[in-house]
Amino acid sequence: MSLSSALISAQSVFTTTGQQTAIVSKNIANASNADYARRLALMGTSLNGAQVLSIQRSQNEALLKQNIVSISQSSAQSTLLSGLTTLKSALGGNDYEMAPSTYLASFRDALQTYASTPGNSTIAATVVSAAGDLVTSLNKTSAAVQDMRLDSDKEIATSVATLNGLLSDFETVNTAVQSAIGTGSDPSDALDQRDKILKQISEIVGISTVTRGSGDTVIYTSDGTVLFENKARQVTFTPTSGFDASTSGNGVYVDGVPLAAGTGGNTSGEGKLAALLQLRDEIAPQYQTQLDEIARGLVTLFQEGDPSGTPAVPYAPGLFTYTTSTPPATVPTAGTVEPGLAASLIVNPLAKDNPEMIRDGGFNGVIANTDNASGFSDLLDGFIDAFDGDLDFDATTGLDPQTTISSYATASVGWLEQLRSDASTANDNKTALLSRTAEALSNETGVSMDEELSLLLDLEQSYKASAKLVSTVDAMMAALLEAVG
């Protein structure tokens, strides 16, 4: 080998070693970056020696797609669980001590005590107070349900705005990827950014992707609607300013196609939008109907009147009634939900002024205790019997349509807890799956510090060998010049 050839070889080694070292250094600097894929220099040989031909980016499309699906499923499940936990907290937490069923049991106990001592005016006042606590529980729980719907609606609006922003960013990065591939440049940084945006999108809505030969990626929602193809599709949503039992929220539309809500405690939804729609439009409204049916049952149980009398007095709300404009409050139809009744339920103001009306009657002009006897308990005994009798409930509420009001109220709590328990178990499973898919993807595409440091040592040795070669050539050149001189 001539001295000039030796110098050219050394120069080539210095160049390639420098390029490889820069790549390894970049890998090491991004070792903790979950959105970074490891780079590797692909080497080749030429007349001038070894050289870096291209930079290869580690990737595994199958694992990436699996990870994206896991992100969507976990995001939806955690969002659903969060909403159900909020409802549970409104009912007092683990023991549901503030649930209507708890106050209903306390009210029945007070009523039973009054029935055994109907002449005790203090106990009569206690019954009215217990009735007030029960009404307050229904009012507050109904308000909490509607507040959760409003919060979900606001979060939907925020998520839609974020999603549209991410799609706009994706369009920019997707163009950069195609441009780099078309010009033969390294697209690795743009690909990292694109994958990162895909993961962020998948937290909001379930997606699947198809990448074309030019590097262009098309995004579909999990139900097949195009979300991005060449340009971002518009995701639209109109927020609702307030909610009550009769209010329906607006849908989320992807390029005019409605986004489906999830179903079940182990939600079928992918992405937080599906779970938020499920909470706002399915779970909360169904629980609201159960509350409204409990309220209707109370109005029905304590209705008063004498339609057989002369003149006939039709049955109308007694101890429990509800706020209404004209015409006056009436007893709702049996077995049919009266939307919003739990929110408007009140204790009859006449009972607060005269608690003994519970014993004697007279809320609607029909007095049962005509002799004003302190030991009269016929009405009270009738109320206790009614508590133990079956009522007709609306079958659409998801509970037994024919049972006692106490059993119905208890079943309502059980329905919510079962749903929350299923959501919690599913959340644990989906979180574990997400962790495993993320780890598998990282093992394939992430940076291993051990490998990078080992490669760095190899490059150091290569650099030292080239430096030694240059030093030897320098010594030989010096010797040659000295001999010529």
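**Close-up views of a predicted chain**

**View 1. The chain as a whole.** Buried residues (under 20% relative accessible area, with exposed over 50% and partly exposed in between; 1.4 Å probe, protein chains only) make up 44% of the 485 residues in the chain. This is a predicted model: local features need pLDDT of at least 70, side-chain atom pairs count only at pLDDT 80 or more, and totals for chains, interfaces and linings use all residues. Residues are numbered from 1 along each chain as its sequence is written, and side-chain values use heavy atoms, without hydrogens and water. The chain has 12 helices and 15 strands (DSSP runs numbered from the N terminus; helices are H or I, at least four residues, and strands E, at least two).

**View 2. The four-stranded sheet.** The sheet is open, with strand order β3-β4-β5-β6 and antiparallel pairing. Two strands pair if DSSP finds at least two bridges between them. β3 (207-211) and β6 (231-232) are the edge strands; each has a single partner, so one side of each lacks a neighbour in the sheet.

**View 3. The β3 and β4 pairing.** Five bridges link β3 to antiparallel β4 (residues 217-221). Ile207 sits opposite Thr221 in β4.

**View 4. Helices on the sheet.** Helix α4 (residues 121-183) packs on the sheet and touches β4, β5 (226-229) and β6. Contact means heavy atoms within 4.5 Å. The direction of α4 makes about 30 degrees with that of β5. Axes are lines fitted to C-alpha atoms, for helices over the stretch in contact; angles run from 0 to 180 degrees between N-to-C directions. Helix α5 (residues 188-204) also packs on the sheet, touching β3, β4 and β5. Its direction makes about 155 degrees with that of β3.
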